[in-house]
Amino acid sequence: ENGLIASTITQTIYQHMKNISLDITKAQQFLPAGAVMALKEQVANAQKGLEDGTVPGNDFLGWLHLPSSITAEFLAEVKAVAADLRSKAEVIVVAGIGGSYLGAKAVIEGLQNSFAWLVKDEKTPAVVFAGNNIGEDYLSELTEYLKGKTFAIINISKSGTTTETALTFRLLKTQLEAQVGKEAARGLIVAVTDAKKGAARTCADKEGYRSFIIPDNVGGRFSVLTPVGLLPIACAGIDIEQLVAGAVAMEKQCGIDVPFEENPAAIYAATRNALYQNGKKIEILINYQPKLHFYAEWWKQLYGESEGKDGKGIFPASCDFTTDLHSMGQWIQDGERTIFETCISVENPERSLLFPHDEENLDGLNFLAGKRIDEVNKNAELGTRLAHVDGGVPNILISIERLDAYNFGQLIYFFEIACGISGQLLGVNAFNQPGVEAYKKNMFALLEKPGYEAETAAIKARLAAE
């Protein structure tokens with residue numbers, strides 16, 4: 001029964017999807033018969049709750065139909081600001097943390113030349129990221145690198161007081177104004193922030209910076225298709241129209257009116273929750289393309305921050321194969337059987353490279369001569385999947401046609417809507433993050449921030465006692 005259901009689901013998706021497919025066959029074989037289909041009604045209720053806005057955290061559902069609501073005029077406005085920054089700046093620094101940078105970095109790293117920072121031409125500014133750490137060496141090296149360069153700043157923060165980003169923005173703003181003057185700096189800083197409130201909004205209005213609005217009803221980890229992601233992505237020269245078009249196509253494919261058997265996000269959400277209910281507590285997102293490393297980082301925040309609550313949640317991890325097969329492969333093959341893998345497979349690389357023949361053949365690799373490198377990679381992918389399944393690791397396979405903006409848009413929305421459904425199946429509020437505040441309170445107390453006097457006294461007493 002499991003095999004029949006998996007085959008039917010896979011066939012249906014291949015028939016209806018243009019560029020993305022899902023195969024759960026090698027996950028279902030680890031589940032009781034009918035376990036995925038048993039969640040069909042719960043999935044339908046979850047989708048209805050999202051659509052009706054009756055789920056916990058319903059004030060953060062603006063992402064649900066965001067792709068189809070984006071207008072050509074809005075994209076033109078984003079592109080115009082990006083073009084202006086590209087024409088003026090040698091470097092564009094994106095200041096943001098978490099959802100305010102991971103999505104943009106994922107797309108840029110996924111679609112740019114892997115060595116863009118070395119081979120860039122004069123018309124393409126380097127896009128670098130800051131405000132996502134408090135590393136003094138990193139920030140010092142960044143400010144040193146920017147000396148003598150014309151650089152622009154995209155400051156992304158809803159509140160303007162997030163420590164990592166606010167600290168970095170103050171450093172960069174001070175340096176930029178010192179290098180080009182306050183008036184010129186005004187045209188090189190763009191704020192992406194709240195419409196009306198917060199320190200970043202106050203600063204933008206006071207200084208006269210151009211700004212874009214972060215919608216109130218879109219949380220950071222779901223904000224890639226708002227100006228949070230679209231502006232930096234456009235600054236990198238990536239086609240944001242195609243990115244949005246892919247997301248629109250996936251929004252339609254995963255709509256509430258699409259039957260369960262034809263909805264890849266519904267099937268993925270049901271499968272991973274069925275595995276969780278059967279003792280698989282860790283999901284490892286696998287890729288065989290180095291360009292997808294930061295996509296996995298974005299995915300980890302999306303699922304970790306959405307589902308890790310109330311003592312529940314699948315732990316989201318990631319590995320870059322074949323690289324990590326030489327470090328994590330042993331554990332995955334033979335370790336505790338609490339894991340499952342979801343593999344993103346890219347069918348067609350953008351380039352072609354043939355393996356050469358060597359007369360001496362000291363490495364013994366002449367049997368590969370004349371083959372594309374991707375053929376070697378694909379066989380490593382298939383061989384690994386078979387080995388891991390044999391080792392007791394359920395595998396979900398997601399295939400996309402190629403790494404381009406359209407397919408990236410599809411992947412973004414696919415995982416977003418699946419996350420929304422999955423959170424409801426788990427029974428948590430997928431759209432808040434109460435646990436994120438704990439470390440901040442301790443940090444502010446230790447730094448003796450005004451207003452934290454009681455907390456400072458308490459934490460100092462605790463440390464003294466330890």
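Which residues form a negative surface patch? Asp358, Glu359, Glu360 and Asp363 form it. Asp and Glu count as negative, Lys and Arg as positive, and His and the chain ends are not counted. Patches are made of residues with over 30% relative accessible area and no salt bridge; like charges are joined within 9 Å, and nonpolar side chains (Val, Leu, Ile, Met, Phe, Trp, Tyr) within 5 Å. The place of a charge is NZ of Lys, CZ of Arg, CG of Asp or CD of Glu. Asp358 sits in the loop between β9 (339-348) and α17 (373-390). Its relative accessible area is 41%, so Asp358 is partly exposed. Here, buried means under 20% relative accessible area, exposed over 50%, and partly exposed in between (1.4 Å probe, protein chains only).

The model is predicted: local features need pLDDT of at least 70, side-chain atom pairs count only at pLDDT 80 or more, and totals for chains, interfaces and linings use all residues. Residues are numbered from 1 along each chain as its sequence is written, and side-chain values use heavy atoms, with hydrogens and water left out.

The protein has 20 helices and 10 strands. Helices (H or I, at least four residues) and strands (E, at least two) are DSSP runs, numbered from the N terminus. The radius of gyration is 24 Å, close to the 23 Å that the globule rule gives for 466 residues, so the protein is as compact as a globular protein of that length. This radius is taken over C-alpha atoms, and the rule is 2.2 Å times the number of residues to the power 0.38. Of the 466 residues, 51% count as buried.

A nonpolar surface patch is formed by Phe115, Trp117, Leu118 and Val119. Together they have about 500 Å² of accessible area, computed by the Shrake-Rupley method with a 1.4 Å probe, with only the protein chains shown as cover for residues. Phe115 lies in the loop between α6 (102-111) and α7 (116-119).

The structure holds 25 salt bridges. Each is a side-chain nitrogen of Lys or Arg within 4 Å of a carboxyl oxygen of Asp or Glu. One of them pairs Lys40 with Glu261, with the closest N and O atoms 3.1 Å apart. Lys40 lies in helix α3 (residues 40-52) and Glu261 in the loop between α13 (240-253) and α14 (264-277), so the pair ties together parts 221 residues apart in sequence.

Lys182 and Glu207 also meet in a salt bridge (3.2 Å, N to O). Glu207 is buried, at 10% relative accessibility. Salt bridges with shared partners join Lys173, Glu177, Lys182, Lys206 and Glu207 into one network.
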